[in-house]
Structures are given as C-alpha cells and as structure tokens.
Amino acid sequence: MTSHVEAPEQRRILAVLVIAQMLSGAGLAAGVTVGALLAQQMFGSAGWAGLPGAFITVGSATAAILIGNLSQASGRRHGLVLGYTGGAIGAFGVVLAAVTGSAVLFFASFAVYGAGTAANLQARYAGADLAEPSRKGRAISTVLVATTFGAVAGPNLVSVMGAFAGRIGLPELSGPFLLSGAAYGLGAVVLAVALRPDPLLRSRELSLGHDATDTVAATSRAGLRTGAIVMASAQLIMVAIMTMTPIYLRDHHHGLGTAGFVIGLHIAAMYLPSPLSGYLVDRWGAQRLAYLGAVVLTAAGLVAALAPPSSVAGIALALVLLGLGWNLGLIAGTTMVAQSTPPDVRARIQGRLDMVIAISGAGAAFGSGPIVANVGYTVLSAAGAVVAVLSALAITSRGALQNLRA
C-alpha cells in the first residue's frame, strides 16, 4: 500500500494561491454586484438583467475546458494565468461597452470576463494537487477562503468606484469593472511569477513511484458523478437567486449601497466558512457535508421567498444562507472529485466538470430574469428550495445504493 506524505512545496503553493485568490475575489465581485443592474440600465428592462450572469457562466464554461486542457498539457500555472488574463480583458471590455452603448461588445465582454470566474474556481483544484488525502478538504478550503477578502471588499466599493467613474466621465455602474480588470491583471502576474513549482506537474512527478493499480483505482465514477450533481445543483440555485436579488432590491426602493452590502454578505458566506467546511469534510466525509449543504440551500430558498421585500435583514439572511449552502456543496463536491482523479487525467476531467457546473449556472442566469419578470422573485426563490430538496434526495439515494453494494 502506498504511503502518502504531503509535499514540502505545498505551503508555498498555497501561499501563492491565497494571494492570487484575494485579488481575483475583487475581480469577480463586480459582475456579481452590478452586472444585472448595468444591463437593466442599458436596455431598460429587468428581462435583460439575467443576461450578463448568463454570458459570464457561458464564458466560464468555455474557459473551464480551455483552462483544464491547458493545465493538463502545461501545468496549472499556464491555465490559471490564461483565465485571469481573460477576466481582466473582459472587465475592461464591459467598461468600453458601457461607454459606447454596444450590445455586442457588452455581452461578448461578459463572456470573456467569465474566464476569470473559471480560473478562480479551478484554483481550488491546484490547492489540492499536492495535499495528502486526509487534508484535501482543508487545502481546497484554504484557497477558497482567500477569495473572501477581495470578494467582500469589491461589492462594498461599488459606490466609491461608481463615483470615481462618474468623475472621469464614465457611466457610474461601469466603475466597479475598472477595479475588476486591475485585480484580475495583478492576479495573473502573481501566478505567472510565483506559482513554482507547478503543483500539478509536481504531483505527477511524485506519483511516478505509485503502482499503476493505484492510479486506476483512484478514478471513481461514482465519486465523479456525485460530486458533479452536488456542485451543479448548488451552482444553479445560487446563481438564480443571487443574480436577481440586486434587481429585486432596487425595484423595492433600496439603494445601490444596500444591494452592494447584501451581496457582500452573500459572497462572505460563500467563502468565509471554507476552513470549517474543509475541516468537516475531512472529518465527516464528503457525502454528509453535501447533504448538509442541500439542507441549507433549501432554507435559503424558503427564507428568500417568505421575507417581505421591505426587510433588508430578511433578504440578507437568505443570501447568507445561500452562500453558506453553496460553500458546503462546492467543498464537498470538489473533495469527491479530487479524491477520484489521478494526476495523469486530473486537470482535463476537472475542467469538464467545471464546464457542467458553469452550464447549470448559465441556465439559471438565463432563466432567472424572465421568471422574475413574469411570476416574481418569490416563485424563483421557492423553485430554488425545490431543487435543493431534489438534490438532497439524490445524494441520499446514491449513498444508500452505495451502502447496498458495499
């Protein structure tokens, strides 16, 4: 039986990833906070508001494959730098589109901007490449929690960046994308310079001494499928409700600062609990944590559906629960996938799974605007709770089937 010892480079690699994730957190925050509002302002209808999120997730899905394939061929560093650079280019493209009023450039830029989201998520796999099996959950959570610092600061700088944009003659809602472009660009530089040795390439070197049977046994279709279900359902629920919350708040006479504050709390809940989630997944197992995540997402949908539109506290609570449920599901699902893929095929498989996750988010973003425009935010939130219940049932039934086979 092969013994597992954590590579000495792991701490340095985690430190570099943490710095890059802090920057990318600020990068992704702009699209989450004001993308829907900017679309509504440019096109004059809430029905368009979900499209930026949809194009971000479509771009993220495409980039997930590209980043995964490039990482498979050349290492994590090249793949992640490609994604962060795409995020920076897309962010500056959104600013230019807002100035020129070009719808084509606007949506194309959001698609390119989605590459930053894909890279931000795939960095979690880089954190796990050299981690020993009993600590993979904590390694993944360390990378995710680093996103919190930039992601929470970003939405709370919406008003500041909006005022800055106004002073230099740009549309107010384009301001946060200036911050986003700079943050993604700096993140790309950090990774290009400092992510050495490459964690995926190094993990391949260390795995050369393992038996071939270990590599074959490491790939578990059940683990991959369950991980994909957990992550895709969490992404779908989270994106649908999160995308339309700023619109819902603005439609009920809450200011831009309030929307930024609520989304800031939501993003904090998406990433800040990561150390606890990582500890729990290593201690309890990924399946139990996935089930807990589904329960929390059910609660989030119900609270969002039942909270009065005048209650900022109620909506904020729903968004905090939404972020926490997503965090639990993402870490549980990621751990399942990381434990089920050997180094020689790891990045390619992970890229494909992240594409599935992004597509589920794209569907949620595309559908959320028309749903809210036609039947309301309450119905959208209740539907999210229903999907979470179905996810919990799927996790439970799959676990029971595995126990029977055992």
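A patch, as I use the word, is made of residues with over 30% relative accessible area and no salt bridge, where like charges are joined within 9 Å and nonpolar side chains (Val, Leu, Ile, Met, Phe, Trp, Tyr) within 5 Å. Accessible areas come from the Shrake-Rupley method with a 1.4 Å probe, and for residues only the protein chains shown count as cover. A salt bridge requires a side-chain nitrogen of Lys or Arg within 4 Å of a carboxyl oxygen of Asp or Glu.

This is a predicted model, in which local features need pLDDT of at least 70 and side-chain atom pairs count only at pLDDT 80 or more, while totals for chains, interfaces and linings use all residues. Residues are numbered from 1 along each chain as its sequence is written, and side-chain values use heavy atoms, with hydrogens and water left out.

On the surface, Val-386, Val-389, Leu-390 and Leu-393 make up a nonpolar patch with about 360 Å² of accessible area together. Leu-390 belongs to helix α16, residues 377-405; helices here are DSSP runs (H or I, at least four residues; strands are E, at least two), numbered from the N terminus. Its relative accessibility is 53%, so Leu-390 counts as exposed. By that scale, buried means under 20% relative accessible area, exposed over 50%, and partly exposed in between (1.4 Å probe, protein chains only).

I turn to the aromatic rings. Rings of Phe, Tyr and Trp (its six-membered ring) pair if their centres lie within 6.5 Å; planes under 30 degrees apart count as stacked, over 60 as edge-to-face, and the rest as tilted. By this rule there are 12 aromatic pairs. One of them joins Phe-110 and Tyr-113, whose ring centres are 6.2 Å apart with planes at 85 degrees, so the pair is edge-to-face. These two residues are three apart in helix α4 (residues 103-128), and therefore separated by about one helical turn. Tyr-113 also pairs edge-to-face with Phe-177, with centres 5.7 Å apart and planes at 65 degrees. This second pair links distant parts of the chain, Tyr-113 in α4 and Phe-177 in helix α7 (residues 175-194), 64 residues apart. Both Tyr-113 and Phe-177 are buried. Phe-110, Tyr-113 and Phe-177 are among the members of one aromatic cluster, which also includes Phe-43 and Tyr-184.

Next, the charges. How many salt bridges does the structure hold? There are six salt bridges. In one, Arg-76 meets Asp-129, the closest N and O atoms being 2.7 Å apart. Arg-76 lies in helix α3 (residues 76-100) and Asp-129 in the loop between α4 and α5 (136-156), so the pair ties together parts 53 residues apart in sequence. Both Arg-76 and Asp-129 are buried.

Another salt bridge joins Asp-354 to Arg-124, at 3.0 Å between the closest N and O atoms. Here Asp-354 is in helix α15 (residues 346-374) and Arg-124 in α4, 230 residues apart. Asp-354 counts as buried at 5% relative accessibility, and Arg-124 does so at 0%. Elsewhere, Glu-9, Arg-202 and Glu-205 are linked in a network of salt bridges.
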